[in-house]
Structures are given as structure tokens and as C-alpha cells.
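Please write a brief report on the structure shown below. Cover its charged pairs, its sheet and its nonpolar cores.

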Amino acid sequence: MKYTVITGASSGIGYESALAFASRGKNLILVARRQEELDGLKLKINEMNPELDVVIRRTDLSITENVYKLYESLQGFQIETWINTQGLVISPQLLNKI
């Protein structure tokens, strides 16, 4: 079974991407920090298409160790697509101050 992984799935672009992929019949692995929002999204997707497999991974990817743990936890899945909307943006102005 193939899966689409979406980080930052609890809101914004990640949330909307999850709904878009679900509407196309894609099984999902949803990653974000906020469990309640992930559970709500999973419920909404299951109402759209109860045949989809929706896997939740609650984690904070701003912690390097959690990135490795997520990677390890996904080894048994056939990942077809990865949508990374969770990340850290640093502007050039901020870099000059560091």
C-alpha cells in the first residue's frame, strides 16, 4: 500500500494538502505537533473516504532527534510522495544578526 507523508498537517498548507490528497484517494501519514488537530483531520478524512488508511505521527520536527525517529518509524511504509510543509524559515536579515 502506498502512502503520502505530509508534515505540518495540522494547519495551513499541510492541512489543505492532506484534504486534497485524500480527495484523490491517497493513503496518508500525517505529521505535526498538535495531536488534537491531527485527530480532527483524520476524522474529517475518514468521513470523506472511510477506505483510506490515515496514520498519525505526532512529533516536533524542530528537534533533530525527532526527525530521525520519524524516519525510523516510517521504514515499513511504501512512501510514494512526501510533502514537507513543516519547517523553519530564516531570512537573510536574521542570518546577519546571528
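## Salt bridges

Arginine 34 is partly exposed, with a relative accessible area of 36%. The class partly exposed lies between buried (under 20% relative accessible area) and exposed (over 50%), with a 1.4 Å probe and protein chains only. Arginine 34 pairs with glutamate 37 in a salt bridge, and their closest N and O atoms are 4.0 Å apart. Glutamate 37 is also partly exposed, at 31% relative accessibility. A salt bridge here needs a side-chain nitrogen of Lys or Arg within 4 Å of a carboxyl oxygen of Asp or Glu. By this rule the count is three.

This is a predicted model: local features need pLDDT of at least 70, side-chain atom pairs count only at pLDDT 80 or more, and totals for chains, interfaces and linings use all residues. Residues are numbered from 1 along each chain as its sequence is written, and side-chain values use heavy atoms, with hydrogens and water left out.

Glutamate 80 and lysine 26 form another salt bridge, at 3.3 Å from N to O. Glutamate 80 sits in strand E4, while lysine 26 belongs to the loop between H1 and E2, so this pair ties together parts that are 54 residues apart in sequence. Helices (H or I, at least four residues) and strands (E, at least two) are DSSP runs, numbered from the N terminus. Glutamate 80 is partly exposed at 39% relative accessibility. Lysine 26 is partly exposed too, at 28%.

Lysine 69 meets glutamate 65 in a salt bridge, with the closest N and O atoms 3.0 Å apart. Both lie in helix H3 (residues 64-73), four residues apart, which puts about one helical turn between them. Lysine 69 has 49% relative accessibility and counts as partly exposed. Glutamate 65 has 48% and is partly exposed.

## The sheet

Four strands make an open sheet. Their order is E3-E2-E1-E4, and the pairing is parallel. Two strands pair if DSSP finds at least two bridges between them. E3 and strand E4 (78-84) are the edges; each has a single partner strand, so one side of each is left without a neighbour in the sheet. Neighbouring strands are turned by 20° against each other on average, direction ignored.

E2 and E3 run parallel and are joined by five bridges. Leucine 28 stands opposite valine 54 in E3. Helix H1 packs on the sheet and touches strand E1 (2-7), E2 and E4. Its direction makes about 165° with that of E1. Axes are lines fitted to C-alpha atoms, for helices over the stretch in contact, and angles run from 0 to 180 degrees between N-to-C directions.

## Nonpolar cores

A nonpolar core is a set of buried Ala, Val, Leu, Ile, Met, Phe, Trp, Tyr and Cys residues joined through side-chain atoms within 4.5 Å. The largest has 15 residues, and Ala18, Leu28, Leu30, Leu41 and Ile45 touch the most other members. Helix H1 (12-23), strand E2 (27-32), helix H2 (35-48) and strand E3 (54-58) each supply at least two residues. H1 gives the most, with four. A second, separate core holds eight residues, including Tyr3, Ile29, Leu61 and Leu74.

Contact means heavy atoms within 4.5 Å. Alanine 18 touches Ile6, Leu28, Leu30, Leu41 and Ile45, leaving aside residues up to four places away in sequence. Serine 17 is in helix H1. Serine 17 counts as buried, at 16% relative accessibility. With residues up to four places away not counted, serine 17 touches Ile6 and Ile83.
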